[in-house]
Amino acid sequence: MMEAVREQLAQELEQIREAGLYKVERELSSPQSAHVTTQGAEALNFCANNYLGLADHPDVRAAAREALDRWGFGMASVRFICGTQTQHRELERAIADFVGTEDAILFPSCFDANGGIFEVLFGPEDAIVSDELNHASIIDGVRLSKARRFRYRNRDMADLRAQLEDAREGGARRTVIVTDGVFSMDGYYAPLAEICDLADEYGALVMVDDSHATGFVGEHGRGTHEHCGVLDTTAETHNRVDILTGTFGKALGGGSGGYVAARQEVVDLLKQRARPYLFSNAVAPSIVAGSLKALEIARESAEQREALRRNTGLFRDLMAEAGFDLLEGSHAIVPVMFPGEDGARQATQIADAMLEHGVYVIAFSYPVVPRGKARIRVQLSAAHSEEDVRRCVDAFVAGRSAVAG
Ligand SMILES: *Cc1c(COP(=O)(O)O)cnc(C)c1O
């Protein structure tokens with residue numbers, strides 16, 4: 001039997017290769033950082049979600065190392081049996097306080113947070129109105145719920161209104177608008193002020209997945225809600241976003257773990273019912289301690305955020321000067337566009353040529369992004385120096401000439 005299945009799988013793999021979609025993993029032989037070693041050579045890394053440079057920060061490493069001795073290696077239990085240490089609760093309270101909600105619940109990952117939340121909160125009598133470009137984990141989570149589903153065009157407020165009308169006509173008990181805070185392929189922010197206004201008008205909840213924002217977007221790094229002015233940090237947790245999800249696997253140390261931050265009742269109910277919380281192991285002690293330290297650094301100092309803003313601004317300016325086509329914006333995700341028929345090939349070849357110049361970036365093309373909108377997605381980090389940013393731009397220029405020549 002296995003022989004027949006093996007043959008089928010081999011064919012499927014071959015189809016993936018033929019379509020040019022086969023992903024090969026490049027192995028690093030160094031820690032994750034602005035400078036990495038891969039295939040025996042040093043490279044400047046411009047494709048990690050290491051926005052604040054905390055993945056290899058000495059204080060984060062030290063906190064994790066100490067936790068290994070104090071708290072042990074693993075939990076060998078889910079949270080509700082015997083997998084909750086005091087520091088798990090500490091991390092939940094800290095992230096809730098940071099993003100401006102009453103409490104939070106920690107999941108093994110944000111994929112699990114999004115996977116677990118919808119079926120608990122939204123049943124057949126409810127409506128979920130979701131941005132078409134939301135993260136795969138939101139799409140999967142929504143599928144697991146029995147709520148009616150509505151999808152609106154990316155950041156299109158007229159279409160969101162139309163979908164909310166449809167949902168209202170169907171007579172929903174609860175309606176929720178769900179969006180990524182930052183869309184990862186474009187670096188665009190969701191227009192949360194307009195979304196919150198529409199939510200008020202239609203009596204809907206607002207849920208934001210802020211994985212590409214928590215820790216560095218907004219004046220204090222609290223996220224897209226702060227950036228968009230729907231979180232008033234001077235008032236006692238006045239937060240117009242009802243539910244936030246996010247990850248510790250990106251800016252906040254890049255270890256692992258995700259969360260849902262919301263009202264107490266939401267968090268309490270998820271602790272009773274969310275399946276990835278109930279049936280998956282607790283986050284490891286050293287990761288909890290490292291994430292706590294990363295959050296503390298992000299909170300207490302603006303240094304990393306400022307470095308990130310400086311690097312992003314410099315990169316955008318230099319690339320525009322060099323005549324590259326960038327998607328507009330201010331986020332540390334900077335898509336360098338190669339439009340048209342030949343764009344996918346150009347982007348891939350330029351990214352390959354750049355690695356020869358010691359700069360590691362990734363090209364994305366259809367079906368990850370729309371046809372004709374191929375790009376190299378650059379992600380800046382606070383850990384990059386000005387020199388690093390300049391070297392990246394030089395590599396783009398050299399890569400462009402190599403491919404044109
Ligand atoms: C990365 C990401 C996730 C997944 O986070 P993990 O903690 O790695 O599972 C979920 N949602 C969005 C928008 C993301 O960018």
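Modeller: The charged end of R400 sits over the ring of F324, 4.1 Å from its centre (a charge sits over a ring if NZ of Lys or CZ of Arg is within 6 Å of the ring centre and within 35 degrees of the ring normal). This is a predicted model: local features need pLDDT of at least 70, side-chain atom pairs count only at pLDDT 80 or more, and totals for chains, interfaces and linings use all residues. Residues are numbered from 1 along each chain as its sequence is written, and side-chain values use heavy atoms, with hydrogens and water left out.

Colleague: Over which ring does the charged end of R17 sit?

Modeller: The distance from the charged end of R17 to the ring centre is 4.3 Å. The ring belongs to Y22.

Colleague: Is the pair of F324 and F396 stacked or edge-to-face?

Modeller: Rings of Phe, Tyr and Trp (its six-membered ring) pair if their centres lie within 6.5 Å; planes under 30 degrees apart count as stacked, over 60 as edge-to-face and the rest as tilted. For F324 and F396 the centres are 5.4 Å apart and the planes at 70 degrees. The pair is therefore edge-to-face.

Colleague: How many residues apart in sequence are the parts that this pair ties together?

Modeller: F324 lies in the loop between helix 13 (303–321) and strand 14 (325–326), with helices (H or I, at least four residues) and strands (E, at least two) taken as DSSP runs numbered from the N terminus. F396 lies in helix 15 (residues 386–404). The pair therefore ties together parts whose separation in sequence is 72 residues.

Colleague: Is F324 buried or exposed?

Modeller: Buried means under 20% relative accessible area, exposed over 50%, partly exposed in between (1.4 Å probe, protein chains only). The relative accessibility of F324 is 9%, so F324 counts as buried.

Colleague: What area do domain 1 and domain 2 bury between them?

Modeller: In contact terms (heavy atoms within 4.5 Å), 20 residues of domain 1 meet 22 residues of domain 2. Buried area is the accessible area (1.4 Å probe) that two parts lose on being put together, summed over both. Carbon and sulfur atoms carry 54% of it here, and the total is about 1700 Å².

Colleague: Which residues of domain 1 lose the most area to domain 2?

Modeller: Together they account for 33% of what the domain 1 side buries. They are L52, R305 and H331.

Colleague: Is Q39 buried or exposed?

Modeller: Q39 is found in the loop between strand 1 (35–38) and strand 2 (41–45), and its phi is near 50 degrees, a positive value in a residue other than glycine. Its relative accessible area is 62%, so Q39 is exposed.
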